[in-house]
Amino acid sequence: MIDQVFEIGLEVVKEIQNTQKDNLYEAAKLISNSFIQQHHFFVSGSGHSHTVAEEFYGRAGGLAFAIPILTTELTLTEHPTKSSYIERLDGYATILAELYNIQKGDVVLIASNSGRNAYPVELALEAKKRGAKVIAITSLKHSKRVTPRNKSGKLLFEVADVVIDNCGVYGDCKMQLPNFKSSVFPTSSLANAFIVQAITVQCIQNLLDEGIEPPVFISLNVDGTEHVNDEYYRTYTRLYYK
């Protein structure tokens with residue numbers, strides 16, 4: 001079964017590479033151009049999709065100017081299902097858009113596998129209302145089989161300027177075990193990690209092509225590097241909010 005897990009995972013990654021390359025390039029272009037023009041790049045998700053924000057930010061090789069919209073309520077930290085309730089609340093995303101001061105020219109990347117709940121859709125709509133561009137990471141196979149759970153009646157992929165399909169299946173789990181009714185092996189997490197790193201690397205290359213030294217985090221487990229990251233924190237993510 002382990003070999004099958006690897007085979008399925010690699011198939012998903014290969015499908016992303018073969019079908020989403022143009023969208024990945026476009027996402028990286030939006031982000032790098034926003035940085036060049038001195039705007040902001042925000043990233044958010046709820047439930048397990050919040051890990052996309054962590055994949056972008058605060059780790060070695062990551063873009064130091066990414067701003068995670070990552071409140072405790074959107075994660076699994078306090079309670080395993082709390083974020084599931086919070087992401088269905090109308091109005092919560094509008095509050096965060098105000099607190100994080102999303103503005104015209106900014107880029108907001110939102111991850112949501114289903115793309116149906118209030119938080120991701122409302123954040124996308126509010127960001128666009130404020131003049132920001134929206135990038136979505138979602139599962140089109142799943143999203144196109146469900147109805148919206150938000151008052152706008154929209155799905156995330158219908159709102160975003162750039163849509164990146166994580167090439168997952170309906171229900172996320174892509175593997176069936178013999179004599180077991182439930183599907184296993186959700187692929188969105190590994191897919192999202194590859195998507196994030198593809199965007200990050202291309203964004204860095206875009207900046208280098210423009211003669212700009214990209215601010216990139218260095219591992220804190222490499223001796224003598226703490227001051228580099230500390231300076232990035234002070235510059236990019238400690239003073240962005242009102």
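Predicted model: local features only at pLDDT ≥ 70, side-chain atom pairs only at ≥ 80, totals over all residues.
Me: Thanks! And where is Phe185 placed?

Reply: Phe185 belongs to strand β7, which covers residues 183-186. Its backbone is worth a look too: phi is near 65 degrees, a positive value in a residue other than glycine.

Me: Which other residue has a positive phi although it is not a glycine?

Reply: Asp172, with phi at about 75 degrees. Asp172 lies in the loop between β5 (162-165) and β6 (173-176).

Me: Is Asp172 buried or exposed?

Reply: Buried, as its relative accessible area is 13%.

Me: Switching to charges. How many salt bridges does a search of the whole structure find?

Reply: Seven in the whole structure. As background, side chains of opposite charge can pair when their charged atoms come close. One of the bridges joins Glu55 to Arg59, with the closest N and O atoms 2.9 Å apart.

Me: What are the relative accessible areas of Glu55 and Arg59?

Reply: Glu55 has 18%, so Glu55 is buried. Arg59 has 40% and is therefore partly exposed.

Me: What about Glu231, which residue does its side chain meet in a salt bridge?

Reply: That would be Arg234, at 2.9 Å from N to O. Both residues are in helix α10 (residues 226-237), and because they are three residues apart there, about one helical turn separates them. Glu231 has 40% relative accessibility, so Glu231 counts as partly exposed.

Me: Now the helices. At what angle do α2 and α9 pack?

Reply: At about 50 degrees, with the axes 8 Å apart. That angle makes α2 oblique to α9. For finding them in the viewer, α2 covers residues 21-36 and α9 covers residues 188-209.

Me: Is that crossing left-handed or right-handed?

Reply: The crossing of α2 and α9 is right-handed.

Me: And how do α5 and α6 cross?

Reply: Helix α5 (residues 92-99) and helix α6 (residues 118-129) cross at roughly 45 degrees, and their axes come within 8 Å. So α5 is oblique to α6. The crossing of α5 past α6 is right-handed.

Me: Last topic, the surface. Which residues form a nonpolar patch there?

Reply: Ile2, Val5, Phe6 and Leu10 form one, and together they have about 430 Å² of accessible area.

Me: Let me zoom in on Phe6. Where is it found, and is it buried or exposed?

Reply: Phe6 is in helix α1, residues 2-19. Its relative accessible area is 56%, and because exposed means over 50%, Phe6 counts as exposed.

Conventions:
Residues numbered from 1 in each chain as written. Heavy atoms only, no water. Patch = residues over 30% accessible without salt bridge, like charges linked within 9 Å, V, L, I, M, F, W, Y side chains within 5 Å. Areas by Shrake-Rupley, 256 points an atom, 1.4 Å probe, with all protein chains shown as cover. Salt bridge = Lys/Arg side-chain N within 4 Å of Asp/Glu carboxyl O. Helix = DSSP H or I, 4+ residues; strand = E, 2+ residues; numbered from the N terminus. Buried < 20%, exposed > 50% of the residue type's maximum accessible area, 1.4 Å probe, protein only. Axes fitted to C-alpha atoms, helices over the stretch in contact; angles between N-to-C directions. Parallel < 35°, antiparallel > 145°, perpendicular 65-115°, else oblique. Left-handed = near helix turned anticlockwise from the far one by under 90°.
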